[in-house]
Amino acid sequence: MVFSQNLLKWYNDNRRPLPWRQTKDPYCIWVSEIILQQTRVDQGLPYYEAFIKKFPNVEALAKASENEVLKAWQGLGYYSRARNLHHTAKEIAGREGVFPSHYSEIIKLKGIGSYTAAAISSICFNEPQAVVDGNVYRVLSRYHGLSEPVDSSTGKKIFSKLANNALDWHNPGDYNQAIMEFGALHCTPNNPKCTSCCIKTKCVAQLSNTVASYPVKTKKVKSVDRYFNYIMIRGDKGTFYQKRTHKDIWQNMYEPLLIESKKHLSKNGIQNSEGWLSVFGNGAEIKLRRSDSIEHKLTHQTIKARFWEARIDSTMLKGTSRLVEFKEPELKKIPIPRLIERYLECYSEPK
Ligand code: SF4
């Protein structure tokens, strides 16, 4: 097929020499694919290299503690992916470290969906399974001039069929990487390089001058604002953090005392809030000083965080509090959300 042959040739001439392209080890391909979901290659690359250095194989990852895995993932976001990687590594290690070699088996693993299963089975085991991700939707919708929304169930079926029809069965791994790389570097969301494109003579969108209209999407997911009041409680020995245990963003990561509210709270509002009273009780004399505000965007929510600094002696905490005082060296080992990391990077003593 001209489409796939042209893409393969383009890939041969233009692909980036990325470390996961020098291997067919399913563990490495799996880690790279999970990191690269929602993360650009230039951002994901240092994480991939550090992760593989720390956990070079599935057994090493299986043996690590959850804190170590989350710490290695810190800053990438989507921490459930790291937890699923860890969970699945333990499962594979329990099967003597043998990674399943068929799509139908790979897709049963926790945290692996159709895209990742297709990537692993085609790249590592030469199985003809087409990947369909945002890059593939964009290239195929433009090339075929298809205005079926890519986020509708009909659209997903149509694009999946088109992707499988276009697949080079002799070379599925390279073809899959070729179309994704082509979408990432050439047929980009903005300013695609149409004039130098190897498939421009057959590209419906280019021929009809409608490139910017593709891909079509229907759903606009609304973003919600959340107001986080963080209290950085400094004790005699260190800073107090607690683990987020509930099912929400950043599960099992550590954070300072959090008082979430419908809008930002004043000092009085904080000291009368349930979260504060449950930790300090009524009438505790604690100086609270406002520090920095940070806005942190996640996929479907914006966290509007305000930080407050408090100094206490640890006897002021109620015995039921889940807060634990971490000394400076220990703090470096616990996984914290990027938002908290950003605060620590710019923190300066309040005036
Ligand atoms: S001609 Fe333009 S829109 Fe069409 S595939 Fe090439 S880069 Fe994409």
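Student: Domain bounds here come from an automatic or database domain assignment. Which domains does it give for the protein chain?

Tutor: The assignment gives domain 1 (2–131 + 146–184) and domain 2 (224–346). Residues are numbered from 1 along each chain as its sequence is written. The model is predicted: local features need pLDDT of at least 70 and side-chain atom pairs count only at pLDDT 80 or more, while totals for chains, interfaces and linings use all residues.

Student: How many Å separate the centres of domain 1 and domain 2?

Tutor: Taken over C-alpha atoms, the centres of domain 1 and domain 2 are 36 Å apart. The contact between them takes ten residues from domain 1 and ten residues from domain 2. Two residues are in contact if their C-beta atoms, placed from the backbone, lie within 7 Å.

Student: And which helices supply the side of domain 1 that touches domain 2?

Tutor: α5 (66–73) and α6 (79–94) each supply at least two residues of that side, and the largest share, four residues, comes from α5. Helices (H or I, at least four residues) and strands (E, at least two) are DSSP runs, numbered from the N terminus.

Student: What is that side of domain 1 made of, by class?

Tutor: It has two nonpolar, five polar and three charged residues. Ala, Val, Leu, Ile, Met, Phe, Trp, Tyr, Cys and Pro count as nonpolar, Asp, Glu, Lys and Arg as charged, and the others, Gly among them, as polar.

Student: Staying with α6: is Leu85 buried or exposed, and why?

Tutor: Leu85 lies in helix α6. Leu85 counts as buried because it has 25 C-beta neighbours inside 10 Å. A residue is buried if 20 or more other C-beta atoms lie within 10 Å of its own, exposed if 12 or fewer, and partly exposed in between, with C-beta atoms placed from the backbone.

Student: What does Leu85 touch?

Tutor: Leaving aside residues up to four places away in sequence, Leu85 touches Ile34, Leu61 and Gly111. Across the chain, Leu85 and Ile249 are 164 residues apart in sequence and 17 Å apart in space, C-alpha to C-alpha.

Student: New topic. How many residues has the largest nonpolar core?

Tutor: That core has 84 residues, and Val31 and Val136 have the most contacts inside it. Its largest share, eight residues, comes from helix α2 (residues 26–36). The core draws at least three residues from each of domain 1 and domain 2. A nonpolar core is a set of buried Ala, Val, Leu, Ile, Met, Phe, Trp, Tyr and Cys residues joined through C-beta atoms within 7 Å.

Student: What about Val136, which residues does it touch?

Tutor: Val136 touches Val131, Ala163, Ile179, Met180 and Gly183, again not counting residues up to four places away in sequence. Val136 is also one of the buried residues of α9.

Student: How many residues of α9 are buried?

Tutor: Nine of its eleven residues, so to speak of α9 as mostly covered follows from the burial count. Charged residues are among the buried ones, including Arg138 and Arg142. The cover over the buried residues of α9 includes α1 (2–14), α10 (153–166), α11 (172–185) and α12. Just after α9, Gly145 takes a positive phi of about 60 degrees.

Student: Which residues are closest to the ligand?

Tutor: Cys187, Cys194, Cys197, Cys203 and Gln206 are the closest of the 15 residues that surround the ligand. A residue is near a molecule or strand if its C-beta atom, placed from the backbone, lies within 6 Å of it. α9 (134–144) and α12 (204–207) each supply at least two residues of that shell, and the largest share, three residues, comes from α9. By class, the shell has ten nonpolar, two polar and three charged residues.

Student: Now the strands. How many bridges join β1 to β6, and in which sense do they run, parallel or antiparallel?

Tutor: Strand β1 (residues 224–234) and strand β6 (residues 301–311) run parallel, joined by eleven bridges. Two strands pair if DSSP finds at least two bridges between them. Phe228 has Ala305 as its bridge partner in β6, and Asp225 stands opposite Thr302.

Student: What else pairs with β1?

Tutor: Strand β4 (residues 257–261) pairs with β1 in the antiparallel sense over five bridges, with Leu258 as the partner of Tyr230. Strand β2 (residues 239–243) is antiparallel to β1 with two bridges, and a hairpin joins β1 to β2 through four residues.

Student: And β5 with β6, parallel or antiparallel?

Tutor: Strand β5 (residues 288–297) and β6 pair in the antiparallel sense over eight bridges. The hairpin between β5 and β6 runs through three residues, and Leu288 stands opposite Ala310 in β6.
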